[in-house]
Amino acid sequence: MARTSKKRQLATKALLDKLGKGKVKLEGDQKYMASFDSLKLAFAYDALVIARSEKDVGVTLKLANEHGVPVTTRGAGTSLTGSAAPAKGGWVLDVSKMNRIKIEKTKSMAIVGPGAVVGQIQAAAEELGLFYPPDPSSLKYSTIGGNIACNAGGMRCAKYGVTRDFVLALEGYLPTGEKVSWGGEYKKFATGYNIRDLWVGSEGTLGVVTKAVLRLLPKPEKKWTILVAFDSDIKALEAVQKLLGEGQNPSILEFLDQNSVYCAEEIAGVKLFEGLSLKPLLLVEFDGNAAQLRADKKRALAWATENGLAYREAKTEKETEVLWSARRACSPAMFSMGDSKINEDIVVPLESQAKFARFLKQMQKKWKINAPTFGHAADGNFHVNIMYTRSDKEECKRAKCAVADLMKKVCQLGGTISGEHGIGLAKTPFMTVARNEAEMGAMKAIKKALDPKGILNPGKIFQEYEVWDKTLEKVKLPWDKKPIVRG
């Protein structure tokens, strides 16, 4: 703690006295691994607090507020934007050990701690015939606290909604260390301001969750999957509008552009259609009861025949896995186009998707950069993966310019700069592109009201930060996909 102020040292000593060495780490590998998240931009900080109870959280925040110590809350650290990294130092509050999961079948609710892993919540619910739909790609690792902080989504969002749509109540602490509850184990709540929803998506800047009550649904009886190839990216996205315009409601509707398919087919070696290659794809899945699926299947096959070049439907679980192979392979195979990736999770309105596809082609040509794109076509949340070589300064510059053009364009099209990753550090330069002065002022006023000393996750969302020239940590995290590089 030699680099910290005397006041900060005294605060950390008080924290150590209150919680003990078992819960407060001042050095070591565990502390180092909490200095960054999946963005892999590390920051020096004073102490790691491993909270095991809500009391630990309250004690930490009360001391932090009293002494003006920054606190960054984290779960697994799967955030891609730096939102779980201690940008202003201070203390990191790790709530991953607070991982209780209790399923209330009669109420169709899950009562969970912030450290509960999303995939484990889903599994516990399904054992009782229930269903928690939000499904971020990191669900085997990411915690519900982090999902709430970023309002995480996933592939099933078009039909079922995002994390916010399943949060019935939150319990936790204000930055001052005061205990609060926003709702309870009931489904109606109209008692005062809805601060629960302010916490959802606030990236840990307004409070710390210690308990969440989640809404569960009946588990769907069956599912059916079809993969459709199209002549062009634009044709594929126009077909999305036609499918949804017919009143179809797929649980999953994933788009893979031509570049993404190239990565899956030519680099990863995934072959899906005999005699047909490098064609953009739509992966469509329906779920529900048997009667509903029969109707959905009939209409979807007619749509695929009329609009696509070819299609494959899955009649067994094994065939379903084959159809999913392209979607799973394309991301790691993108590293054949560069050793670094910027995954921007932008949102574009349905009616603007074809225009967006045209822009992507122009953007890549203009900046001589590859940006394979895939994502959730039904809700317009696309992952634009700008690939570049980090050691090539000129290429870095072009990639940075491409990102700036991308953010401006999606806002011009009526969209926004993030659908499920949040802002964190990485997207702070573009907040004023997405939000006007009045909107920014309102958000800052809320932050000031709930966190008057500005101790919770400072430096995120509002303060512009440039990540491009920073050195990233060279470490493999459990959820990192192994790059596939050939040729």
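In this predicted model, S352 counts as buried, with a relative accessibility of 8%. S352 sits in the loop that runs between strand 16 (340-347) and helix 12. Its side chain makes a contact with the backbone: the backbone oxygen of L413 is reached at 3.2 Å.

Charged pairs were examined next. Side chains of opposite charge can pair when their charged atoms come close. Across the whole structure, the search returns 24 salt bridges. One of them joins R8 and D46, with 3.4 Å between the closest N and O atoms. This pair links distant parts of the chain. R8 belongs to helix 1 (residues 6-19), whereas D46 falls in the loop between helix 2 (29-33) and strand 2 (47-50). The two residues are 38 residues apart. Their accessibilities were also computed. R8 is partly exposed, at a relative accessible area of 21%. D46 is buried, at 7% relative accessibility.

A salt bridge also forms between the side chains of K23 and D56, at 3.1 Å from N to O. K23 is in the loop between helix 1 and strand 1 (24-25), and D56 is in helix 3 (residues 54-67), so the bridge ties together parts that lie 33 residues apart in sequence. K23 is partly exposed, with 23% relative accessibility. D56 is buried, and its relative accessible area is 4%.

D233 and K361 form a further salt bridge, in which the closest N and O atoms are 3.5 Å apart. Here both partners are helical. D233 lies in helix 8 (residues 233-245) and K361 in helix 12 (residues 353-367), so parts 128 residues apart in sequence are tied together. The relative accessible area of D233 is 7%, which makes this residue buried. K361 is partly exposed, at 43% relative accessibility. Salt bridges with shared partners also build a network. Its members are E54, K107, E171, K179, E185 and K211.

Cysteines were then considered. The structure holds 0 disulfides. For C150, the closest cysteine sulfur is that of C157, and the two sulfurs are 13 Å apart, so they are too far for a bond. C150 is buried, with a relative accessible area of 16%. C330 is likewise in no disulfide. The nearest cysteine sulfur to C330 belongs to C263 and is 7.0 Å away. C330 is buried, and its relative accessible area is 0%.

S108 is not a glycine, yet its phi is positive, at about 55 degrees. S108 is placed in the loop between strand 5 (101-104) and strand 6 (109-112). With 17% relative accessibility, S108 counts as buried. L278, also a residue other than glycine, has a positive phi near 55 degrees. L278 is found in the loop between helix 9 (258-267) and strand 14 (281-288). L278 is partly exposed, with a relative accessible area of 27%.

Conventions: Residues are numbered from 1 along each chain as its sequence is written. This is a predicted model: local features need pLDDT of at least 70, side-chain atom pairs count only at pLDDT 80 or more; totals for chains, interfaces and linings use all residues. Side-chain values use heavy atoms; hydrogens and water are left out. A salt bridge is a side-chain nitrogen of Lys or Arg within 4 Å of a carboxyl oxygen of Asp or Glu. Helices (H or I, at least four residues) and strands (E, at least two) are DSSP runs, numbered from the N terminus. Buried means under 20% relative accessible area, exposed over 50%, partly exposed in between (1.4 Å probe, protein chains only). A disulfide is a pair of cysteine sulfur atoms within 2.5 Å. A polar contact is a pair of N or O atoms within 3.5 Å; within protein, one must be able to donate a hydrogen and the other to accept it, and residues adjacent in sequence count only if both atoms are side-chain atoms.
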